[in-house]
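Trainee: I would like to go through this model by question and answer. Please show it first.

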Amino acid sequence: MNESISNHKIYLGAGPAALPSTVLQEASEAIIEFQNSGLSILEIPHRGSLFQNILDEAKILVRDLCNLTDEYDVLWLPGGGRMQFCMIPMNFLGDDETAGYIDSGHWAHEAMKYGSHFGKTLSVCSSKNVDYSALPAIPTSLPNHLAYLHLTTNNTIYGTQWHSLPPQKSTMIADMSSDLFGLPRSFSNFDLFYAVAQKNLGAAGVTLVVAKKEMLAKTKRILPPMLCYAAHAQKQSVLNTPPVYAIYISWLMLKWTKLQSLSVLHEENLKKAALLYNELERNNLFYPLVANKTDRSIMNVCFRTKDDNIATEFSDFCFHHNIVGIKGHRRVGGFRASLYNATPLQNVQTLVAAMQEFERKYS
Ligand code: PMP
């Protein structure tokens, strides 16, 4: 999507991630002047009508894309994913209660660790023993006393993803940071879900939280307002001075997402992922890290070179082909190509062509 911006590299980073060129263009213009207001988007007041319109429209777009009614509130909160790891148990896990966590990766595990500061946590299933290279099997029967069940829909670091999700068994909370809007989901199966913006939703600095209003009202502790969902909901995301620019970029991304449609984006994402996984299966020099095909992420494709000695050469080779951001996370090593919504098929074709050229050179 960055083809119209000269010198723009093919960027396949896991987040902050690539943004569509139309969004970059509009955002750059808004820095000079936003909607003929005589003000930069960086200057507009956070309690004025210009920003209120952005918030109102963003809320409608989120509900529309998720097929949700106004039973759900839409909040834009600071502090990233980790702040949600804190706020969820602070608000919804009482001292003597137990929350279930599906331990499918580093971020899922971190969420559980944060939870243990506020109540009891139970790992209902885990794939830690296989270094999260596969998804754990969710038990058919779960304890019925759980305050909530937390799951991570896409494991960004390991490249695994739940393509279908367990039916609602208790209060369901999901971290959808790295695959929100990458595929259609039954969002109404969740009581609360959240996503950091810096993948499919814009720029770092803000996290989208969508939750049943009824749930937000039932907090388990008296909390300072900044840590309390109900307080943020009451002030409609302007409790303090919010990251106006990051929310503005998310609004542009929501409009862009709506224009493409979730089903078209999903189809494109399936095509991009299939192209790369097929090449990883075929090419003699590489292999995909996730062996089980049904567990493979269509957002983050993790792979390695069969011979560790050529990894640096491949990295340099990609750099010379203008392909950047493919270094694997430090916990896993190897490579990771993130194929979020804004990455066009053409960029994946370029990566695959580079892998084929590399194969011819090094086989
Ligand atoms: N959840 C997931 C699925 C992530 O991929 C990440 C980071 N990329 C986080 C949570 C943590 O987000 P943050 O860095 O904003 O705390």
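Predicted model: local features only at pLDDT ≥ 70, side-chain atom pairs only at ≥ 80, totals over all residues.

Mentor: Residues are numbered from 1 along each chain as its sequence is written, and side-chain values use heavy atoms, with hydrogens and water left out.

Trainee: How far apart do the C-alpha centres of domain 1 and domain 2 lie?

Mentor: The bounds come from an automatic or database domain assignment. Domain 1 covers 24-260 and domain 2 covers 262-362. Their C-alpha centres are separated by 28 Å.

Trainee: What area is buried between domain 1 and domain 2?

Mentor: Take contact as heavy atoms within 4.5 Å. Then 24 residues of domain 1 touch 23 residues of domain 2. Buried area is the accessible area (1.4 Å probe) that two parts lose on being put together, summed over both. Carbon and sulfur atoms give 59% of a total of about 2,100 Å².

Trainee: In domain 1, which residues lose the most area to domain 2?

Mentor: Three residues together make up 22% of what that side buries. They are Ile157, Gly159 and Gln260.

Trainee: How many residue pairs are in polar contact between domain 1 and domain 2?

Mentor: A polar contact is a pair of N or O atoms within 3.5 Å; within protein, one must be able to donate a hydrogen and the other to accept it, and residues adjacent in sequence count only if both atoms are side-chain atoms. With both residues at pLDDT 80 or more, the polar count is twelve.

Trainee: Which element gives the largest share of the side of domain 1 that touches domain 2?

Mentor: Helices (H or I, at least four residues) and strands (E, at least two) are DSSP runs, numbered from the N terminus. Two elements give two or more residues to this side: β7 (160-161) and α7 (244-260). The largest share is three residues, and it comes from α7.

Trainee: Which polar side-chain atom lies 2.5 Å from an oxygen atom of the ligand?

Mentor: Near means a heavy atom within 4 Å. Of the 14 residues around the ligand, those that come nearest include Gly81, Thr156 and Asp175. Gly81 places a backbone N or O atom 3.0 Å from a ligand oxygen, and a polar side-chain atom of Asp175 is 2.6 Å from a ligand nitrogen. The 2.5 Å pair uses a side-chain atom of Thr156.

Trainee: Which residues does a cis peptide bond join?

Mentor: Most peptide bonds are trans. Here omega is about 0°. The proline lies in the loop between β1 (10-11) and α1 (21-32). The bond joins Gly15 and Pro16.
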